[in-house]
Amino acid sequence: MVITWITALALIVFAKIATRNMKPVPEGAQNLWEWLVEGLHTFLEGVIGRHLVERTFWFFASIFIFILAANWLGLIPG
């Protein structure tokens with residue numbers, strides 16, 4: 001349960017930092033965040049189709065990002 005709260009807090013902070021000063025040509029954290037979101041969008045569009053991605057992308061993307069981050073944080077000893 002502790003890892004769940006830490007993961008949620010870390011993702012919220014990272015999203016805030018990455019989207020604080022949006023630029024047309026991304027750099028740093030914004031670049032990583034846009035790469036992750038665009039990559040997931042492209043992947044899901046190939047799997048479930050364009051029509052369903054338009055309706056369900058943010059649901060699937062948020063679940064995927066959360067589970068991925070929680071699993072990675074769970075590997076940290078302690």
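Student: Are H2 and H3 oblique to each other or roughly parallel, and what angle goes with that?

Tutor: Bear in mind that this is a predicted model. Helix H2 covers residues 29–48, and where it packs on H3 the axes are 9 Å apart. The two helices count as oblique to each other, because angles under 35 degrees would be roughly parallel and those over 145 roughly antiparallel. The angle to remember is about 130 degrees.

Student: Is the crossing of H2 and H3 left-handed or right-handed?

Tutor: Look at where they touch: H2 brings residues including Leu36, Leu40 and Leu44, and H3 brings Val53, Phe57 and Phe64, among others. By class, that contact has 13 nonpolar, two polar and two charged residues. As for its hand, the crossing of H2 and H3 is right-handed.

Student: What about H1, at what angle does it pack with H3?

Tutor: H1 runs over residues 2–18 and H3 over residues 50–74, with their axes 9 Å apart. Their angle makes H1 oblique to H3. H1 also passes H3 in a right-handed crossing. The angle itself is about 120 degrees.

Student: How many charged residues are in the contact of H1 with H3?

Tutor: Start with who meets whom: from H1 come Ile3, Thr4, Ile6, Thr7, Ala8 and Leu11, and they meet Ile65, Phe66, Ala69, Ala70, Leu73 and Gly74 in H3. Sorted by class, that gives nine nonpolar and three polar residues. Gly counts among the polar ones here.

How values were computed: Residues numbered from 1 in each chain as written. Predicted model: local features only at pLDDT ≥ 70, side-chain atom pairs only at ≥ 80, totals over all residues. Heavy atoms only, no water. Axes fitted to C-alpha atoms, helices over the stretch in contact; angles between N-to-C directions. Helix = DSSP H or I, 4+ residues; strand = E, 2+ residues; numbered from the N terminus. Parallel < 35°, antiparallel > 145°, perpendicular 65-115°, else oblique. Left-handed = near helix turned anticlockwise from the far one by under 90°. Contact = heavy atoms within 4.5 Å.
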